[in-house]
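Subject: Structure for your files, with notes

Dear colleague,

I am handing over the structure below, together with my notes on it. Please read the notes with the coordinates open beside them.

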Amino acid sequence: MSDLNKQKIVASVPQKGFFGHPKGLFTLFFTEFWERFSYYGMRAILVFYMYYEVSKGGLGLDENMALAIMSIYGSLVYMSGIIGGWLADRIFGTSKAIFYGGILIMFGHIVLAIPGSVAMFFVSMVLIVLGTGLLKPNVSSVVGEIYSEEDNRRDAGFSIFYMGINLGGFIAPLIVGEVGLKHNFHLGFAIAAVGMFLGLLVFIFTKKKNLGLAGTVVANPLSPTEKKKVFSIIGLAALLIAIIIAVTIPLGILTFKTFIALIGILGILIPTIYFIVMYRSPKTTAVERSRILAYIPLFIASVMFWAIQEQGSTILAHYADKRTDLEFAGFTISPAWFQSLNPLFIIILAPVFAWLWVKLGNRQPSVPKKFSLGLLFAGLSFLVILLPGYLTGSDSLVNPLWLVLSYFIVVLGELCLSPVGLSATTKLAPAAFSAQTMSLWFLSNAAAQAINAQIVKFYTPETEMVYFGVIGGVAILLSILLFALSPKIQGFMKGVR
């Protein structure tokens, strides 16, 4: 019997070992919990580490440059998921991808934990980007594998798994932010490394018993001939990139600014190529082409939404550090703690939104209208944060509750758009491109952060009202336009609601 058939038999036998779900969910829940703890812990203090003066333990980079690099970092993490998914599908399977990814992430945090230079920082960046690209998409894939297609616990299993992501994201900034900003950045990064190490231990020691064959089967393995060809191309590409870097850096051609601009171009170019290839493919039917056309405005709306939401770890993190009164109710707030608000609000509100959509049933808004609501809330979150500057000026510190309110409003938008977008992507995807379309959905976040890297340089305390006002205003205008066009888009969706 083949491994694939064995896997199907294992998945078809209902298991109850973790809150009434398969035991494998325990392994994946805590692997992802600790991976997200390490990632969000690192992210909570990384931008401060980049622009704090060397005397304060930072790298002393220009503030706008640090904000741009932070956006590029996020963009590359989402782009690398395409590579991680391909390697798992074609070479070593999702289980090994998770393990290798965890190792790379842990070493990335270890490099950050060692007092070093800007060069060491970029080494860690490469390790964490590659590691997250291997682990993040594939751990979600294995969650799907532990349930049979007929198992009605699947959606609830993903909800529990999603809770693990947000619990890790909630706790990490509170611990790593406190240690990193009040004591030592490198000690904070060391805690993030320990988090990933704990995730690896959970995965290694429980996967055989809990996951069985899930994640071990290579879905579409390369033939020996294909493997030789692919490895040759990868080797040549790596050599070419190394030569280009070695030549262009000394000549002053490849600089921070040109690299940021290059990622900005790729952030737009890669999704555009995806759309063209899928639309023009002979494997795509006429109905599927219509659905691709419907997906384009949803994708653009998603890019606009994430462009605002992801500034929570860049511009709003900077705002928390520089513009917010951190003495509140008798104690000092760490600016990193605000990074815990997004996952906290999601944990509280996700069940409410799930209940609301079920309660409304057929009366709930269509997919395009939910997207327009998501954009509306995103735009309002930026208009809210410009109000204290308008009321008190750009010189005085503002009440931290303004930031709390901004994070809360954008989460309302996220719950209208993010889970709905995932569901819509699976429904609108052409049959021949189902996996690639899911990659395309995540590329909307990569594109958003690539765009952010170009625009964060326009932010200063003096320009903050214009900055927040223009971006928030554009989001609201797009929201109104999308709402007006929603019946037309719905028509192109050909029966998908």
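This is a predicted model: local features need pLDDT of at least 70, side-chain atom pairs count only at pLDDT 80 or more; totals for chains, interfaces and linings use all residues.

Residues are numbered from 1 along each chain as its sequence is written, and side-chain values use heavy atoms, with hydrogens and water left out.

Overall fold

The protein has 15 helices and two strands, where helices (H or I, at least four residues) and strands (E, at least two) are DSSP runs numbered from the N terminus. The radius of gyration of the protein is 23 Å, close to the 23 Å that the globule rule gives for 497 residues, so the protein is as compact as a globular protein of that length; the radius is taken over C-alpha atoms, and the rule is 2.2 Å times the number of residues to the power 0.38. Along the principal axes, the C-alpha atoms fill a box of roughly 70 × 50 × 50 Å. Of the 497 residues, 50% are buried (buried means under 20% relative accessible area, exposed over 50%, and partly exposed in between, with a 1.4 Å probe and protein chains only). Among contacts (heavy atoms within 4.5 Å) with a separation of 6 or more, 82% are between residues 24 or more positions apart.

Nonpolar cores

A nonpolar core is here a set of buried Ala, Val, Leu, Ile, Met, Phe, Trp, Tyr and Cys residues joined through side-chain atoms within 4.5 Å. The largest one has 106 residues, and those with the most contacts inside it are Met42, Leu46, Phe48, Met50, Phe371 and Phe468. A second, separate core of 18 residues includes Ile165, Met196, Leu200 and Phe203.

Aromatic rings

Rings of Phe, Tyr and Trp (its six-membered ring) pair if their centres lie within 6.5 Å, and planes under 30 degrees apart count as stacked, over 60 as edge-to-face and the rest as tilted; by this rule the count comes to 27 aromatic pairs. One of them joins Tyr459 and Phe468, a tilted pair with 5.8 Å from centre to centre and 55° between the planes, and both residues are buried. Ring pairs also link Phe26, Phe29, Phe30, Phe33, Trp34 and Phe37 into a cluster.

Single residues

Asn452 lies in helix α14 (residues 434–455) and is buried, with a relative accessible area of 1%. Its side chain reaches the backbone oxygen of Ala307 at 2.9 Å, and, leaving aside neighbours within four places in sequence, Asn452 is in contact with Ser71, Trp306, Ala307, Glu310 and Gln311.

Pro173, in helix α5 (residues 154–182), is likewise buried, with a relative accessible area of 1%. Beyond neighbours within four places in sequence, the contacts of Pro173 include Tyr40, Ala44, Ala336 and Trp337. From C-alpha to C-alpha, Pro173 and Asp89 are 33 Å apart in space, and they are 84 residues apart in sequence.

Ser486 is found in helix α15 (residues 464–492) and counts as buried at 1% relative accessibility; with neighbours within four places in sequence set aside, Ser486 is in contact with Pro368 and Lys369.

With best regards

How values were computed:
A polar contact is a pair of N or O atoms within 3.5 Å; within protein, one must be able to donate a hydrogen and the other to accept it, and residues adjacent in sequence count only if both atoms are side-chain atoms.
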